[in-house]
Amino acid sequence: MIEALLRKTTIAFVATLLSATAPAADKVKVGFVSTLSGPSSALGIDIRDGFLLAVKLNGGKLGSLPVEVLVSDDQFKPDVARQLFEKNVKRDKVDFMTGVVFSNIMLAALPEALDNKVIYISANAAPSPMAGKDCNPLFFAVSWPNDAYHEAAGQFANQRGFKSVYLLAPNYQAGKDSLAGFKRTFKGEVIGENYTKLGQLDYAAELAEIRAARPQVLYIFLPGGMGINFIKQFVGAGLGKDITLLLPGFSADQDVINPVGTPMAGLFNTAHWSPDFANAANQKFVAEFQKEYKRVPTLYASQGYDAAQLMNAAVRDLKGKLDDVEATRKALKNAKFESVRGAFRFNTNQYPIQNYYVRTVGADGKGGLINKSFNEPILKDHGDAYVQLCPMK
Amino acid sequence: MTGIFVLEQALNGLQFGLMLFLLASGLTLIFGVMDMINLAHGSLYMVGAFLCAWLTSATGSFVFGVLGGVVLTALFGAVLEVSLLRSLYARDHLSQVLATFALILILNDGVKMVFGADLPLAAPAALDGPVELLPGLMYPAYRLVILAVGFGLALLLYVLVQKTRVGALVRAGASNREMSGAMGVDVARLFTVVFAIGAALCAVAGGLLGPLLAVQVGMGENILILAFVIIVIGGIGSIRGALIGAILVGAVDTLGRTLLQQLFREFLPPQWASAAGPAFASIAVYVFMAVVLVLKPQGLFPVRS
């Protein structure tokens, strides 16, 4: 134990000496903090697996440098995440931080990285404050802005000519933000809006109210287990015949499809990525992921994979000069890599501008279900509504 | 608001109330008969749900899984009573609270070590769909099964407590423990039987609610609080009180979640209503309990006067 600690310290010490004297680093260190235990762990595990897959396919390197990924579990607790960030930044001297799933956890831990001049690349959480007035030169979101899926869903409801919608979300900030995103694009009438307790699992009372309200469309923001239970009960109550259930992509992803099963067939959802995208980078990613982990990748896995790809491209263009934060920023911003989602670029607030697609759940030809995307994007070259509040140019 | 809406909500409230009754009836007997505060009652519900889920996936049959889970949980309860809880009866309530709270933590981690943090449990596919009760009222078949089982068990428990010898002993124990012991009742064995029945009822609730909620570690803690509210409302030691209390709490909770939000929308701007509705809905049950206690401090059906 002590010996191992000593050895680690010695290596770290030598590494510090080297980095102080050598002009170019000889390896890249990435701090990866995510939710890897508890009921929400599926999301963090997929981001991690996607990230590590990209590193593995690249021969254990980012750019031309060998990479060390320090993976740790935030246990779904903001204070734990903050401690892990501090450890990664101050003791391990990482070059990049990434990995967090949940916005509230990321926002709590982020200052440890940004205040110490370490760049954070978000593989999921992209809350609206960080896109607008709190935008930061050291913060990159390689995923999608928190509102985007919901804006896309509202647009899809317009396109289908739906006139009335009922909205349901947990009673907390992200729930309210998501419904605000839907309302921003939806042109019809919101005939009901219900906020439930965060973590609620039995929705009988809400389903009765939805039945009485008779909306054409029901849109829900219920991440994780809440969504799984709701969809099962929605189908069990026989509401699926009269009401179109519309979902954000992560509520109709592979980790929801598997436990819910056949009731998922035919449901529409919106996302920036789908396992059936035909571009070469995605084909390779989906095939390799299935080979490595024996399961279909989720959105989260694709985001983890892209986060590693982005770092890879930036380190490659920097030719190893990782010490210069400003140069690293520029390299990230202009990084050229084949994203699994297809074309994408950073806005001035370092949030993505990209296409969003409608997906529908259908047979995968092997007795299971999988998402299939529409050819035409529902939102094209879409940024976010907060960018003008960001002073960065 | 239509008749169908009210009817559907009434069924929902009743269904939730009957499941709460299964928990509360065991709790009220243990509290009433043994004068024992068992905080770990919710853990029996969790253990029951895990055993049901485990047996369901092992046997491939939901019915066998739940029946087997109920039997195993009753055995588990009996062993727990004989080996550990028995020594707590003579202690004061604070010691009981401390010991059974420790039991919650131990059982949570124990279940996690044996089964993992959660187990999948799905209702039989035949019950996945809805049943048309009235024109325009589709109700999930599975919830109807829960209603039927809940009613059946309530009736069975009533017959057991009111019409059988064991029931007479239980009632005697609840109204005066020392006296019934002095009259020659084998109190120790009676307690074990009561505890095992309480555990079995928990397992029924856990197994039936598992597919609607989730079978996961810690699932018993929130529902335990409601069970305590129910026995306080109903009167400690009273099965009838537990039934009435459970149905009232189920109804207040269900109606509170929807009607309160609608009510607030009538006279508040939407953003306030959506904040106030859920907040008040989650305290509605406790407000109800406070009102009952002001009017009837011993609960609705006091056993001891």
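## Contact between chains A and B

In this predicted model, the contact between the chains draws 27 residues from chain B and 23 residues from chain A, two residues being in contact if their C-beta atoms, placed from the backbone, lie within 7 Å. On the side of chain B that touches chain A, the elements that give two or more residues are helix 1 (3–34), strand 3 (137–140), helix 10 (239–267) and helix 11 (270–295); helices (H or I, at least four residues) and strands (E, at least two) are DSSP runs, numbered from the N terminus. The residues on this side of chain B comprise 13 nonpolar, 10 polar and four charged, where Ala, Val, Leu, Ile, Met, Phe, Trp, Tyr, Cys and Pro count as nonpolar, Asp, Glu, Lys and Arg as charged, and the others, Gly among them, as polar.

## Domains of chain A

Chain A is divided into domain 1 (2–144 + 278–342) and domain 2 (148–271 + 356–387), with bounds that come from an automatic or database domain assignment. The C-alpha centres of the two domains lie 30 Å apart, and 11 residues of domain 1 are in contact with 16 residues of domain 2. The side of domain 1 that touches domain 2 has six nonpolar, five polar and no charged residues.

## Helix 12 of chain A

Helix 12 (residues 299–318) of chain A has 20 residues and reaches 29 Å from its first C-alpha to its last, close to the expected 28 Å, which is 1.5 Å times one less than its number of residues. Helix 12 of chain A is followed by A:K319, whose phi is positive, near 55°.

## Basis of the model

Residues are numbered from 1 along each chain as its sequence is written, and chains are lettered from A and ligands numbered from 1 in the order in which they are written. Because the model is predicted, local features need pLDDT of at least 70 and side-chain atom pairs count only at pLDDT 80 or more, whereas totals for chains, interfaces and linings use all residues.
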